[in-house]
Amino acid sequence: MKAGLKKKIVKEIKVDISKCTGCRSCEMACSAFHAVPKYSSLNPSKARIRVYMDEIRDIYVPIRAGGYTQAECNGRNLYIINGKEYSECAFCPASCPSRDYFKEPSSGLPLKCDMCEDEPPLSEPMCVEACKFDALTYVEREETVAMEGTPLTEKQVELKAAYESLVKTHGRKKLMDVFSQLSKR
Amino acid sequence: MRYGETGVNLEIDLSRGSVEKVETDPRLTELFLGGQGTAAKTLWDRVPPEVEPFSPDNLLIFTAGILHSTPVPGANRVAVNTFSPQTNLMSHSLMGGFFGPEMKHAGYDQIIIRGKAQKLVYLYINNDKVEIRDASHLQGKGTTETGDVLKKELKDDKVQVAAIGLAGENRVYMASIDHGHSSAARGVGVIMGDKRLKAIAIRGTKDINIAHPAELFEASMKLHRQIADSDGCGDWMAYDEDDSFHHNHFAWGNARTRRKNFWSKELEERWRNIKYDNMDRQTSCYNCPKNCRNVIKMPGKKRFGYKCYGKDTYHMAAFKELDFSYDILGIAQEYGLDSYSTPQVMAFAIELYEAGILTDKDMPGLPADSGDRFYYLMEKIVRREGIGDILADGVSHAAIRIGNGAEAYDHNTTKKFEQLPIKLGKVNLAYFLMIATGEKMSITQIEGSFPQDPMRTMEERQKFVDNWTSPPDDKFKDYFLNWEKRDVMSNQAFCEIVDWNEAMHYIDDATGLCGFVSSFRGQFGGDVAYNIHNIPALIEGATGIEMDKEKLWEVFQRNRTLVRAINVRRGLRRKDERPPEDHWAVRDEEKEQQLLSEYYEFKGWNEDGIPTLDMLDKLGLGYVGEDLLERGILTDNDTISAKETSAAIDKV
Ligand code: SF4
Ligand code: SF4
Ligand code: SF4
């Protein structure tokens with residue numbers, strides 16, 4: 001391997017929406033697996049996967065929770081796939097203020113898919129195991145990625161996050177302008 | 001803490017506009033489990049026989065199964081129960097999909113609806129928040145259309161909606177309650193309409209606790225795999241395009257004409273194309289690894305879903321082909337009409353017209369084509385317009401009201417309820433018993449565990465029996481091994497087989513399991529996921545209630561006997577227990593009645609089909625016995641006196 005490159009296992013869940021039957025077994029299994037203690041309670045609203053369903057329009061989209069976002073998107077796209085209209089939200093994995101998806105129902109805390117990390121590891125994530133229609137399939141891929149150099153310190157990670165969030169709210173250009181103005185003072 | 005259930009019932013009084021949450025007695029769960037069993041207990045306690053079905057005191061009850069919202073696959077049938085104006089007996093219906101599990105996550109095992117609203121309302125339940133809301137904007141809307149409007153209004157695609165269509169609003173007896181592409185048939189939509197309840201929209205985000213988490217989860221994931229891999233589970237008609245079974249053997253029109261050679265390869269190919277050219281996908285009910293529902297979208301028509309024989313009833317009643325059913329089913333679904341009884345009512349009307357009993361005066365502008373006539377009649381029925389007002393009461397009541405010889409055309413009902421259109425040769429005594437005594441009103445709700453037909457060679461039978469895990473006892477294997485002619489078996493064997501068939505339905509309807517993975521499916525091959533041996537551990541895993549085969553069997557007997565007592569209290573007697581007279585061409589009245597007597601005795605019922613005091617006591621239903629005594633339906637010496645009573649009835 002070339003210097004500066006390393007191997008990394010990328011875990012992926014492939015989603016084939018044409019195969020989804022809307023059984024919601026994936027939601028059931030994910031919620032059971034993440035119950036504390038494990039399997040002690042069932043609650044699809046706590047699942048980190050959610051099947052967006054619209055029987056009338058024949059739309060079935062399983063989405064895994066991606067994590068928290070502060071603000072909802074400004075514009076939304078409409079996709080037309082095989083003559084059916086999907087809103088961008090249908091595919092979006094965010095735990096977002098515009099909707100109740102992917103939030104712990106009682107506390108409102110965001111839910112995020114953790115790929116069912118476990119000790120010992122599962123042979124495949126729970127939602128995939130529960131999906132008997134191959135709408136969800138699990139793939140492990142090896143990827144060669146550039147080494148990231150010296151790892152960041154905790155402080156640097158924190159600053160980086162703050163920087164990124166500022167970029168998000170104000171845009172990189174504006175931020176840079178302000179920085180250069182401030183440093184000139 | 002309660003396990004496997006919420007321990008709370010929701011009580012709605014639409015007359016008073018009140019909402020109450022009532023904690024339930026855990027001992028009742030142990031006795032009745034849930035679903036229809038629990039509903040029967042509520043109906044027994046709270047609806048005396050004097051209450052007319054259209055009285056505000058009649059209850060409409062949705063009861064989740066004890067296994068709903070657990071990891072156990074295929075548990076999603078919510079029981080819908082009330083008293084039917086068509087039969088004046090207890091209506092029992094089941095609805096697949098997601099409604100039952102959602103009820104439990106909202107925090108309720110049972111929703112009990114009493115009274116009548118002043119104007120059309122819908123019920124909105126979001127966990128603890130329960131509101132009776134105005135539904136004037138939903139008036140006349142289709143069933144799935146109503147669901148769609150409510151989901152949008154409530155801004156949540158996970159809200160589960162059960163709604164009636166125009167048929168229910170107008171109190172058509174064949175009205176269903178529909179939940180997306182799932183449907184509760186057999187006479188419950190009419191009462192929802194009578195209560196002026198357009199829909200229930202429910203959303204729940206609470207936990208259901210599991211008593212033995214790891215064990216139950218592991219067992220459930222194994223069952224998921226087993227059901228997914230098995231050809232013996234699910235609705236084979238969803239996948240198999242050879243449907244010669246219904247078309248060659250069932251009767252067309254108003255249960256009249258057999259077309260023994262109707263099916264052909266050419267037809268199968270043509271129909272296969274109609275199906276796959278217009279099918280979006282096959283869908284599942286909650287947490288089930290089968291996909292029995294075919295979702296069809298014909299160009300320019302409403303999308304609809306169907307299961308099983310539901311695709312055949314309209315075109316067979318109208319002497320048409322599959323494309324006709326595909327065209328009309330979407331409309332019927334939106335109107336909220338039971339696709340089993342409705343086509344029979346319409347075919348009955350056409351027969352009366354052809355016989356000159358109904359004329360152009362009754363049906364002005366009736367088209368010439370049989371298919372067009374169906375559309376014509378459907379519009380009249382759902383609006384109760386003209387002749388539709390009479391037909392909307394179902395075949396039996398319509399025949400009486402029309403008179404003039406129409407009664408003779410009411411030839412396919414039992415207990416005033418439309419039966420499957422089957423006309424066969426020689427009487428099959430097991431089926432005689434099931435059609436005669438079933439109180440879920442349709443043969444599909446009682447048959448199912450023991451195979452329908454014997455196998456030809458001993459070798460085949462032995463092979464079948466070797467892989468057969470579901471029989472409660474080895475004697476059923478012997479019955480099968482020695483079974484050569486369909487109609488020849490000992491009376492004892494007939495009684496036990498019918499009892500086992502019925503047992504599995506009562507168990508499913510208390511647990512909420514779907515018949516296609518359990519009670520209904522074994523008759524077509526034996527390899528079924530659930531049986532009396534494995535269900536007890538699942539109930540115990542979910543609820544913590546100690547359960548074994550014997551105890552579960554007793555729950556069946558208790559629930560079954562209570563349903564019988566409820567109906568007996570409303571007047572059901574032996575004389576009502578008659579399959580359609582022409583169901584078989586060759587009958588044997590003496591043998592049939594002898595068997596019926598033996599079956600009653602086997603069930604712990606007296607000669608008139610009334611549960612005996614001994615049996616009621618044994619099942620912990622002593623209070624039922626006392627009530628029947630007080631009303632003079634039973635006497636202390638019930639067996640002997642009941643014989644006298646039935647003789648007295650004959651004299652009247
Ligand atoms: S991978 Fe695991 S955590 Fe993520 S959605 Fe699937 S079951 Fe849930
Ligand atoms: S388990 Fe599979 S088929 Fe079922 S809803 Fe989830 S993704 Fe769809
Ligand atoms: S077997 Fe079919 S009908 Fe039964 S629950 Fe599963 S998908 Fe629904």
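Residues are numbered from 1 along each chain as its sequence is written, while chains are lettered from A and ligands numbered from 1 in the order in which they are written. Because the model is predicted, local features need pLDDT of at least 70 and side-chain atom pairs count only at pLDDT 80 or more, whereas totals for chains, interfaces and linings use all residues; side-chain values use heavy atoms, with hydrogens and water left out.

**Chain A**

Of the 185 residues in chain A, 38% are buried, where buried means under 20% relative accessible area, exposed means over 50% and partly exposed lies in between, computed with a 1.4 Å probe on protein chains only. Among the contacts in chain A (heavy atoms within 4.5 Å) with a separation of 6 or more, 62% are between residues 24 or more positions apart.

Two cis peptide bonds can be picked out next. One joins A:Val36 and A:Pro37, with omega about -10 degrees, and A:Pro37 sits in the loop between helix 1 and strand 2 (41-42) of chain A. Another joins A:Glu119 and A:Pro120, with omega about -5 degrees, and A:Pro120 belongs to the loop between strand 8 (94-95) and helix 3 of chain A.

**The two ligands**

Around ligand 2, select A:Cys20, A:Thr21, A:Gly22, A:Cys23, A:Arg24, A:Cys26, A:Val51, A:Pro62, A:Cys131, A:Phe133, A:Ala135 and A:Leu136. By class, this shell has 9 nonpolar, 2 polar and 1 charged residues.

**Helix 7 of chain B**

Move to residues 213-229 of chain B, which form helix 7; its 17 residues reach 24 Å from first C-alpha to last, close to the 24 Å expected when the span is taken as 1.5 Å times one less than the number of residues. Its buried residues are B:Pro213, B:Leu216, B:Phe217, B:Ser220, B:Met221, B:Leu223, B:His224 and B:Ile227. They cover an arc of only 160 degrees around the axis, which puts them on the same side of helix 7 of chain B, the arc being that of the directions from the helix axis to the C-beta atoms. On the other side of this helix, B:Glu215, B:Lys222 and B:Asp229 are exposed.

**An aromatic cluster in chain B**

Next, display B:Phe450, B:Phe464, B:Trp468, B:Phe476, B:Tyr479, B:Phe480, B:Trp483 and B:Trp500, which ring pairs link into a cluster. Rings of Phe, Tyr and Trp (its six-membered ring) pair if their centres lie within 6.5 Å, and planes under 30 degrees apart count as stacked, over 60 as edge-to-face and the rest as tilted. The count over all chains comes to 37 aromatic pairs. The rings of B:Phe450 and B:Trp500 have centres 6.5 Å apart and planes at 80 degrees, so this pair is edge-to-face. B:Phe450 lies in the loop between helix 16 (429-437) and helix 17 (458-466) of chain B and B:Trp500 in helix 19 (residues 491-511) of chain B, so the pair ties together parts that are 50 residues apart in sequence. B:Phe450 is buried at 4% relative accessibility, as is B:Trp500 at 1%.

Staying with helix 19 of chain B, note that 19 of its 21 residues are buried, so the helix is largely enclosed by the rest of the structure. After helix 19 comes B:Gly512, whose phi is positive, near 90 degrees.

**Last stop: B:Ala251**

Finally, centre on B:Ala251 in strand 14 (residues 251-252) of chain B, which is buried with a relative accessible area of 2%. Its C-alpha atom is separated by 6.3 Å from that of B:Lys423, 172 residues apart along the chain.

Methods: Near = heavy atom within 4 Å. Nonpolar A, V, L, I, M, F, W, Y, C, P; charged D, E, K, R; others polar. Helix = DSSP H or I, 4+ residues; strand = E, 2+ residues; numbered from the N terminus.
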